[in-house]
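Visitor: I'm new here and would like to learn how the labels on a protein model get decided. Could you walk me through this one?

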Amino acid sequence: MSKNKNRILPKIMRVFLILLIFFLICLIAVIGLGIGVVTAMINDQTFRSKSDFEKNLQGLFQTSSAYFATRDPEGKPVKIGELRYDNNNRELIKSLDEVHPDLIDAFISIEDRHYFKHRGIVLRSILRAVYQQVVGSEVTTGGSTITQQLVKNLILNDRSKIYSRKAKEIVLALKMEQLYTKEQILIYYLNSVFFGKGAHGRKMHGVKSAARGIFNTSVKDLNLAQAAYLAGMVQRPNALNPLYEDSNNLERGLKRMKLVLQKMLEYNKITEEEYHKALQFDIKGSLAKPSDFKDGYQRYPFIMFAVEDEAAKTLMQMDGIDLEAIQKQDNYREILENYKKKAVTGGYQFYTTIDKDLYDAINREAIKGLTFSTRTYKNIKTQEQLGAAIIDNRTGALLAFVSGSEEFAINQQDHALHVPRQPGSTIKPLLVFAPAMEQKIISTYSKIIDEKIMKRDGSGYYRNANNKYQGPVTILESLKWSYNIPAIKTFNALGHQKGFHYLRKMNLPPHPDDGESAAIGGMTKGYTVEQMTAAFATFANQGKFNKPYFISKVTDSDGKVLWEHKPKPTQVFSPQTAYQMTSILKHVLHGTAAYIGQRIPAGYELAGKTGSTNNNRDLWFIGYTPEVTIGAWGGYDYHFSMSHNTSFIKKAWVNIFRAAIQSSPHLIPKHTKFTHPGRLAPEVCGFECTQVSEYYRKKKEEEEKRRKEEEEKEQHLLPELPPILDPPTNHPLPEEPVDRPEQPNDPPTTPIQPGPIPFPLYFQDHSRPESHYFESILIS
């Protein structure tokens with residue numbers, strides 16, 4: 001008996017000691033929590049309002065998407081791709097009805113089986129977790145409810161394990177349960193959980209993104225095994241992600257999936273049959289593959305990055321921000337980046353103006369048949385680049401563009417939308433001749449003297465590309481052959497600021513340092529291909545300019561329209577001036593752009609202008625039909641000469657035009673004509689009318705003087721005429737000739753017959769005096 005007492009007493013003491021330790025642990029925990037609660041209260045955690053919670057909960061990012069203007073056979077816009085934010089991906093659910101019930105049961109079973117019963121915390125679970133932490137237990141079950149996890153991840157954004165953080169978490173969880181329903185909290189939670197990287201290579205946030213990224217299915221169509229696997233991943237997403245290279249991940253994930261299924265069976269969420277069927281499912285075989293996803297950044301990188309920029313600017317407009325004003329601020333780049341983040345994480349749907357078929361066609365054909373020459377700049381090898389844009393004349397919509405001659409992986413510069421270059425002679429119609437026609441300073445056949453003139457700064461003389469001067473030429477001839485001096489003179493006659501005023505109306509702001517040489521394309525900064533193309537579209541649109549745009553509509557994730565582009569045309573030139581300029585520019589296709597004019601299929605009315613800069617560093621052609629304007633630029637990124645490849649841009653333009661009319665004939669139909677507005681302005685002599693008259697007067701005088709000098713010179717060259725003698729009354733008989741051998745050069749021996757000598761014929765006809773003179777000698 002005593003021996004039994006001796007054995008029982010140590011056991012009682014051991015149990016008592018354990019209880020004492022447990023009590024002390026709980027006491028310490030309570031004290032710690034108490035301190036934390038006090039700290040939390042001091043930091044106003046308990047006084048957060050619902051609006052404070054909303055800032056975090058509603059600020060949950062959601063992946064935005066971009067779409068072509070093109071529609072699929074079902075009439076839906078074709079998706080370009082999803083926008084990236086730090087390579088993250090999230091699609092939000094708005095209701096639990098969007099999620100398969102098995103997934104909800106799986107999360108509840110493994111993470112918080114009392115979720116629908118507690119009010120934010122489970123004290124027993126908290127104490128158990130504290131005990132496991134203190135004694136260093138190998139198995140930890142966790143003490144946080146789903147509400148607490150949501151607070152930790154979204155409200156506090158703090159994963160530290162100190163007591164003060166835990167205390168804040170508890171206080172805020174209790175507060176959240178008072179402000180939100182269980183369904184609302186669960187929706188926020190399911191949207192917030194992280195799953196690692198999916199098969200598309202992007203980090204997955206939320207169950208909707210995870211279902212797509214891991215199993216390539218919708219969250220509504222998950223089966224029981226897939227739902228259990230996803231729910232189990234939340235504990236250790238990177239270690240349990242089955243797509244990672246570590247083969248142990250899948251093994252660990254399947255063990256965790258089995259645990260989830262056991263809990264679901266234990267809590268009567270599934271039947272025994274369903275449990276065994278789920279265990280037999282081939283998880284590995286159902287995993288998504290990279291090939292299942294068409295990443296917009298891989299297929300259309302230039303479009304996607306362009307969408308990011310334009311989307312940010314569009315959201316600024318939606319917020320009432322003046323883009324022109326803010327672009328002048330020092331912090332513009334910072335503001336733009338913030339809006340870019342908002343654009344890609346706001347769950348927006350951005351609908352672009354890009355025609356998929358047209359974009360694909362011109363990018364496929366643009367550089368075919370072109371020759372390339374590699375140049376080296378500071379150990380960087382570079383080749384000729386191409387930038388091109390197609391714009392709808394009526395609206396200003398950007399229909400398609402070519403960003404470069406190389407793949408995005410090699411060269412990320414967007415030479416169509418982002419890189420400004422010197423415009424060369426393409427600026428002449430926009431800055432000089434159309435404004436001067438609008439001001440009635442010149443007309444189509446006004447003449448200007450193409451002659452040697454000095455630059456205003458005295459640094460030298462202006463010259464034409466062919467180093468020749470033509471004398472008086474019409475405006476038509478000046479543009480047809482791109483003479484420089486008439487442009488300089490007209491710009492000076494117009495007034496520089498007046499010309500710049502017209503440029504500003506076409507979204508081509510001049511630089512403060514731009515001056516006289518701007519008339520022939522010598523700009524300080526230059527313009528993008530998109531800008532120049534949109535400006536030329538003004539001529540085809542009866543003088544009305546539309547600012548080019550890329551995004552036509554913005555909706556939220558539910559399809560509600562938030563913003564829609566509305567064209568606001570600016571009347572820059574009268575319809576008459578625009579039509580007259582177009583009539584002139586049609587002749588360019590028989591002048592400097594004859595290469596293009598000879599290769600355009602019959603049935604298309606086309607006008608345009610070539611351009612080049614010093615040493616042919618930039619080559620341009622901007623041409624337009626009644627419907628669209630196509631602008632193209634060619635050159636090197638590091639300003640090497642293109643003199644070895646001067647037909648580069650003309651060949652590219654022809655490629656683009658042919659691809660466009662073949663892929664999208666509805667956009668560029670045959671047999672259309674530029675609209676004649678009627679009541680064209682009368683011809684004017686022009687600002688050099690007097691000088692031209694004087695030029696011709698002097699020219700005539702010089703020619704007359706030269707003619708007289710030539711005549712006098714010819715007179716000096718004429719031989720003297722033999723004297724004309726009176727005929728004798730008596731003619732002596734001829735003497736007998738002396739016999740001698742006849743010489744080859746002797747004159748004829750026929751004697752001169754009596755009678756008067758004929759009158760020289762050259763006095764009768766002055767057209768060819770010298771020949772008739774010699775004829776008269778022979779006759780005589």
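This is a predicted model: local features need pLDDT of at least 70, side-chain atom pairs count only at pLDDT 80 or more; totals for chains, interfaces and linings use all residues.

Visitor: What makes F305 partly exposed?

Guide: Buried means under 20% relative accessible area, exposed over 50%, and partly exposed in between, using a 1.4 Å probe and protein chains only. F305 has 34% relative accessibility, so it counts as partly exposed. F408, with a relative accessible area of 22%, is partly exposed too. Across the protein chain, buried residues make up 48% of the 780 residues.

Visitor: Why is the pair of F305 and F408 called stacked?

Guide: Rings of Phe, Tyr and Trp (its six-membered ring) pair if their centres lie within 6.5 Å; planes under 30 degrees apart are stacked, over 60 edge-to-face, and the rest tilted. The centres of F305 and F408 are 5.4 Å apart and the planes are at 15°, so the pair is stacked. This pair links distant parts of the chain: F305 is in helix α14 (residues 301–318), and F408, 103 residues away, is in the loop between β10 (398–402) and α18 (428–438).

Visitor: How many aromatic pairs are there in the whole structure?

Guide: A search finds 26 aromatic pairs. F53 and Y180 form one that is edge-to-face, with 6.4 Å centre to centre and 75° between the planes. Here too, distant parts of the chain are linked: F53 sits in helix α2 (residues 50–57), and Y180 in the loop between α6 (163–179) and α7 (182–192), 127 residues apart. Both F53 and Y180 are buried. Elsewhere, ring pairs join Y502, F536, F539, F573, Y624 and F674 into a cluster.

Visitor: What makes a group of residues a nonpolar core?

Guide: The members are buried Ala, Val, Leu, Ile, Met, Phe, Trp, Tyr and Cys residues, joined through side-chain atoms within 4.5 Å. The largest such core has 127 residues, and I303, F401, L430 and L503 have the most contacts inside it. Helix α25 (residues 648–663) gives the most to this core, with ten residues. Apart from it lies another core, of 60 residues, including I110 and M264.

Visitor: Which residues does L503 touch, leaving aside its neighbours within four places in sequence?

Guide: L503 is in contact (heavy atoms within 4.5 Å) with I427, L430, L431, L508, M523 and Y527.

Visitor: Why is N268 called exposed?

Guide: N268 has 68% relative accessibility, so it counts as exposed. N268 lies in the loop between α11 (247–266) and α12 (272–280).

Methods: Residues are numbered from 1 along each chain as its sequence is written. Side-chain values use heavy atoms; hydrogens and water are left out. Helices (H or I, at least four residues) and strands (E, at least two) are DSSP runs, numbered from the N terminus.
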